[in-house]
Amino acid sequence: MDDMKEKFANFKEQVRQAADIVSIVSETVDLKRKGSRYWGCCPFHGEKTPSFTVDPARGLYHCFGCGAGGDVFSYVMKRDNLSFFDAMKQLAEKYGIPVPERAKSAQEIAREKETKEVMAANDLASRFFHSCLVNTRYGEKGLKYLAGRGIRRDIIDSFDLGMAPPDFHTLSQALEKRGVSETVLLKAGLVSQRQRGNGIYDKFRARVMIPIRNPRGKVVGFTGRILDKDASPAKYMNTGETAWFHKGNLLFGLDRASAAIRKRQQALIVEGHKDAISLHAAG
């Protein structure tokens, strides 16, 4: 235990030394140097006259307007709404510093393995759907639909939009050939169990597919938009609730918008996935 505490203390100091507070603050604040300090408008409250200062020699920031202040860790905590440890991990990843880990239980190891397998399956499925949209006859109708909504090819590629084939087995067979087990496909919500007899079938069929990513950019689920109104009463179909996909806790597009939101201290919230994609398409 004492050895772990020492490792943690050394890790914390290593991250502190590597994380240049001026560089970190400059990601969201336009700083100008005056003497030995840098000044800018505070990112934590609205102001027109700069009252926010960064002291690189001491590694501290302070706002004379709202009183916010601290070191690089507290800045990232406040900016990104993170715990101290998560802020430290984020900075460590940014500067390529390995995070010391305690010995993990068998349950934790199994959980990490399961998460890795499901994320890999979702990533493969995303690339499969995208290829079906842009490279096969299945995608012709989907491309026509997206073009009619003003979604260009560069936006299709940027969001990895895809098309699910119309049959019941193309996705599952393709992923199983790549080593994804039936169990993992079920856990990811990509397939459903047959109610009668054995076997599985693809959940998403004949739909334009929109991958949904978590704030770290990992595909955790999908939304599928039906093109043939008579094929299904459900216009949209989402991945069911899984251990990794909780629809009510995810904000679509946050993985790519978070930096701009922090920079501007402003967010535009729209109703649906296509609305968000359309805003990106419009610049």
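Mentor: Gladly! Keep in mind that this is a predicted model. Let's begin with the largest cavity, which is lined by Ser 158, Phe 159, Pro 211, Arg 213, Phe 252, Gly 253, Asp 255 and Arg 256.

Trainee: Which elements each supply at least two residues of the lining of the largest cavity?

Mentor: Those are β9 (207-213) and α10 (254-264). By type, the lining of the largest cavity has three nonpolar, two polar and three charged residues.

Trainee: What is the volume of the second largest cavity, and which residues line it?

Mentor: The second largest cavity has a volume of about 60 Å³. Its lining is made up of Leu 146, Ile 151, Leu 161, Val 208, Ile 210, Arg 225, Lys 274 and Ile 277. Two or more of these residues come from each of β9 and α11. The lining divides into six nonpolar, no polar and two charged residues.

Trainee: Now to the outside. Which residues form a nonpolar patch on the surface?

Mentor: Leu 268, Val 270 and Leu 279 form one, and together they have about 290 Å² of accessible area. Leu 279 sits in helix α11, residues 273-281.

Trainee: Why is Leu 279 called partly exposed?

Mentor: Because its relative accessible area is 43%, which falls between the cut-offs of 20% for buried and 50% for exposed.

Technical notes. Residues numbered from 1 in each chain as written. Predicted model: local features only at pLDDT ≥ 70, side-chain atom pairs only at ≥ 80, totals over all residues. Heavy atoms only, no water. Patch = residues over 30% accessible without salt bridge, like charges linked within 9 Å, V, L, I, M, F, W, Y side chains within 5 Å. Areas by Shrake-Rupley, 256 points an atom, 1.4 Å probe, with all protein chains shown as cover. Salt bridge = Lys/Arg side-chain N within 4 Å of Asp/Glu carboxyl O. Helix = DSSP H or I, 4+ residues; strand = E, 2+ residues; numbered from the N terminus. Buried < 20%, exposed > 50% of the residue type's maximum accessible area, 1.4 Å probe, protein only. 1 Å grid on protein atoms, 1.4 Å probe; cavity = no way out; pocket = protein on both sides within 12 Å on 5 of 7 lines; lining within 4 Å. Nonpolar A, V, L, I, M, F, W, Y, C, P; charged D, E, K, R; others polar. Points joined across faces, edges and corners; volume = space filled by probe spheres on them.
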